[in-house]
Amino acid sequence: MCLADKIFLLEDIEPIDLYGSRNSKLNFIKSYFPKLKINARGSELHIKGELEIINEFQRKLLTLIHHYNKYNHLTESNIDRLIMDDAEEVLKLDDDIILHGSHGKLIKARTSNQRKLSDLISKNDMVFAVGPAGTGKTYTAVALAVRALKNREVKRIILTRPAVEAGENLGFLPGDMKDKLDPYMQPLYDALNDMIPLEKLKAFIEERIIQIAPLAFMRGRTLDNAFVILDEAQNTSVQQMKMFLTRMGQSAKFIITGDSTQVDLPNKQKSGLSHSLDLLSHVKGIEIVRLNEKDILRHKLVKKIILAYLEEKQINQ
């Protein structure tokens, strides 16, 4: 019998998420390893017992942590299955599932073009996703970014939008500059709230692991080891788009989303999105996904509204 004394450091999970309230989950885990003496000291677990059993405990603990990071929850039922079963079911996910969001919510690629976006960004470093409102461009892109962060494919997520006024006057909005700009960023916050538990999301933002900023703040930066999303790209000028695309650093993934039918630029200024699609369509390593009314997942009236505007445009051409 080989006795050992080891320390297991929790690096990929907050202690409360593994231990549970008043150590309820930890005590449940400990019940499966009665021959070990296990004491929690903050983010450290001090373990004493037979080396073979300690090693098995550590393997199962890593599986539990892996499960939590994929599904964002860990119940006693999960713990029982993952400790007692040899097969790690957490690795067997449906192909359409991008990740498990807050409270175990399934975030899926729900249409063929959303699946195409997911597939292309895994094989390319830059993908344009263009199409009308309600097709899930932004939501799917954010989900793919969160998955890449969870899988440690990137070190940070950067989400940006041009702060272009759609008929409103930014200067007359109340508050300081952050208060004025936050409404433009709100759709990005909404998507993240579905995918990352609130406290963890706050920590990521405070630590700048997730950064949400207007496009103007990108100037002069080199974006390495990052998953970067430019949303509402139809409202960039040609120069802004060039500036953004040339921020790309090493080990970076870029998704550019936009709707060429909803340009809010003044004085009929040429959209940087339309220009870049024409200019870069044949560049190897850059792919384009064109979503359409078949991908619309909002209220059924949204699809009818989009089609009505398309019909009007065709009549007037």
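User: Which strands does helix H3 lie across, and at about what angle does it run to S3?

Analyst: Two conventions come before the case itself. This is a predicted model, in which local features need pLDDT of at least 70 and side-chain atom pairs count only at pLDDT 80 or more, whereas totals for chains, interfaces and linings use all residues. Residues are numbered from 1 along each chain as its sequence is written, and side-chain values use heavy atoms, with hydrogens and water left out. Helices (H or I, at least four residues) and strands (E, at least two) are DSSP runs numbered from the N terminus, and contact means heavy atoms within 4.5 Å. Axes are lines fitted to C-alpha atoms, for helices over the stretch in contact, with angles from 0 to 180 degrees between N-to-C directions. In this model, helix H3 (residues 51-71) lies across S1, S2 and S3, and its direction makes about 145° with S3.

User: What is the strand order of the sheet with S1, S3 and S2, and is its pairing parallel or antiparallel?

Analyst: Two strands pair if DSSP finds at least two bridges between them. Here the three strands form an open sheet in the order S1-S3-S2, with antiparallel pairing. Strand S1 (3-9) and strand S2 (37-41) are the edge strands, each with a single partner, so one side of each has no neighbour in the sheet. Neighbouring strands of this sheet are turned by 15° against each other on average, direction ignored. S2 and strand S3 (residues 44-50) run antiparallel and are joined by five bridges, and Asn 39 stands opposite His 46 in S3.

User: How many strands make up the open sheet with parallel pairing, and what is their order?

Analyst: That open sheet has six strands, in the order S8-S7-S9-S10-S6-S11, and its pairing is parallel. Its edges are strand S8 (210-214) and strand S11 (286-290), and since each has a single partner strand, one side of each is left without a neighbour in the sheet. Strand S7 (residues 156-161) pairs with strand S9 (residues 226-230) over five parallel bridges, with Leu 159 opposite Ile 229 in S9. S7 also pairs with S8 in the parallel sense over five bridges, where Ile 158 stands opposite Gln 211. Among the helices on this sheet, H5 (residues 112-123) lies across strand S6 (126-130), S9, strand S10 (253-258) and S11, running at about 175° to S11, while H10 (residues 272-280) lies across S6, S10 and S11 at about 130° to S6.

User: Which residues of S8 point one way and which the other way?

Analyst: In a regular strand the side chains alternate between the two faces of the sheet. In S8, Ile 210, Ile 212 and Pro 214 point one way, Gln 211 and Ala 213 point the other way, and all are buried, where buried means under 20% relative accessible area, exposed over 50% and partly exposed in between (1.4 Å probe, protein chains only).

User: Which residues touch the most other members of the largest nonpolar core?

Analyst: In soluble globular proteins, nonpolar side chains tend to be buried together. A nonpolar core is a set of buried Ala, Val, Leu, Ile, Met, Phe, Trp, Tyr and Cys residues joined through side-chain atoms within 4.5 Å. The largest one has 35 residues, of which Val 142, Leu 192, Met 195, Ile 210 and Phe 227 touch the most other members. Helix H6 (residues 137-150) supplies the largest share of this core, eight residues. A second, separate core of 24 residues includes Ala 233, Phe 244, Ala 252 and Phe 254. In helix H9 (residues 238-245), Met 241, Met 243, Phe 244 and Leu 245 are buried, and the buried residues of H9 pack against S6, S7, S9, S10 and H10.

User: How many aromatic pairs does the count come to?

Analyst: A pair of aromatic rings is described by the distance of the centres and the angle of the planes. Rings of Phe, Tyr and Trp (its six-membered ring) pair if their centres lie within 6.5 Å, planes under 30 degrees apart counting as stacked, over 60 as edge-to-face and the rest as tilted. By this rule there are three aromatic pairs. Phe 28 and Tyr 32 form an edge-to-face pair, 5.4 Å centre to centre with 85° between the planes. The ring centres of Phe 244 and Phe 254 are 4.9 Å apart with planes at 40°, so this pair is tilted. Both Phe 244 and Phe 254 are buried.

User: Over which residues does pLDDT stay under 50?

Analyst: pLDDT is the predictor's confidence in each residue, from 0 to 100. Its mean over the protein is 86, and 90% of the residues reach 70 or more. It stays under 50 over residues 87-94, for which the model has 13 contacts beyond four places in sequence, and over residues 165-170, for which the model has six such contacts.
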